[in-house]
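Me: Let's go through this structure in short questions and answers. Please show the sequence and the structure before we start.

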Amino acid sequence: MSEKNEPGLWDGFKAFLMRGNVVDLAVAVVIGAAFTNIVNSVVQGVINPLVGAFGTKDLDHYSSCLKDPCSMKADGTVETGIPIMWGSVLSATLSFLITAAVVYFLMVLPMAKYLARQAARKAEKAGTQEVLELSELEVLKEIRDVLVAQRGSGHDER
């Protein structure tokens, strides 16, 4: 029986789960799901009533009839005609735009600025380190030159 040095299936699965990207992705999905509920509540509780001030009370009720006559039952199922429910598409689009704006302005933009500052600090440190190294090199060259000069003058005196 030959023994393989390859990791087992379970070890590979544990390594996969412990990667930073997988954990970060799992956290992002959970936060995103919770955040979606907040955005949907804002759209349903604030945006829809504001739009409803100019028409129906709910965006989901905005529709056009592709084939007349359109009639719907109380539970929302179609009795006759072919209605195009563009209000629900508008509501979903507004939810998406609000979510994208909040994610960009509260998460992506601040993180990009933070990373840019970190990169600038790192570049500044590297530049300072380079200057220090150059200064040390210059001092060492001067010491060498003085020692060579002392040696040279010491040989002439003998």
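## Exposure and the nonpolar patch

Me: At 40% relative accessibility, what does Val-23 count as?
Reply: Relative accessible area under 20% is buried, over 50% exposed, and in between partly exposed (1.4 Å probe, protein chains only). Val-23 has 40%, so Val-23 counts as partly exposed.

Me: What kind of model is this, and how are residues numbered?
Reply: The model is predicted: local features need pLDDT of at least 70, side-chain atom pairs need 80 or more, and totals for chains, interfaces and linings use all residues. Side-chain values use heavy atoms, without hydrogens or water, and residues are numbered along each chain as its sequence is written, from 1.

Me: What pattern does the protein chain follow along the sequence?
Reply: Helices (H or I, at least four residues) and strands (E, at least two) are DSSP runs numbered from the N terminus. The chain has three helices and two strands. Their order along the sequence is α-α-β-β-α.

Me: What share of the 158 residues in the protein chain is buried?
Reply: The count covers the protein chain with its 158 residues. Buried residues make up 8%.

Me: Which helix gives the most to the nonpolar patch?
Reply: Helices α2 (20-52) and α3 each supply at least two residues. With five residues, the top contributor is α3.

## Rings

Me: How are the planes of Trp-10 and Phe-13 set, stacked or tilted?
Reply: The structure holds two aromatic pairs. The Trp-10 and Phe-13 ring centres are 5.9 Å apart and the planes stand at 35°. Ring centres of Phe, Tyr and Trp (six-membered ring) must lie within 6.5 Å; planes under 30 degrees apart are stacked, over 60 edge-to-face, and the rest tilted. At 35°, therefore, the Trp-10 and Phe-13 pair is tilted.

Me: Which helix carries both Trp-10 and Phe-13?
Reply: Trp-10 is exposed at 57%, while Phe-13 is partly exposed at 41%. The two residues are three apart, about one turn of the helix. Both lie in residues 9-18, helix α1.

Me: What kind of pair do Tyr-104 and Phe-105 form?
Reply: Their ring centres are 5.1 Å apart. The planes stand at 80°, so the pair is edge-to-face.

Me: Is Phe-105 buried or exposed?
Reply: Tyr-104, its ring partner, is partly exposed at 40%. Phe-105 has 53% relative accessibility, so Phe-105 counts as exposed.

Me: Which residue forms a salt bridge with Asp-145?
Reply: A salt bridge puts a side-chain nitrogen of Lys or Arg within 4 Å of a carboxyl oxygen of Asp or Glu. The whole structure has one. The closest N and O atoms are 3.1 Å apart, and the partner is Arg-144.

Me: What separates the C-alpha atoms of Thr-36 and Ser-95?
Reply: Thr-36 sits in helix α2 and is partly exposed at 34%. Ser-95 is 59 residues from Thr-36 along the chain. Their C-alpha atoms are separated by 8.3 Å.
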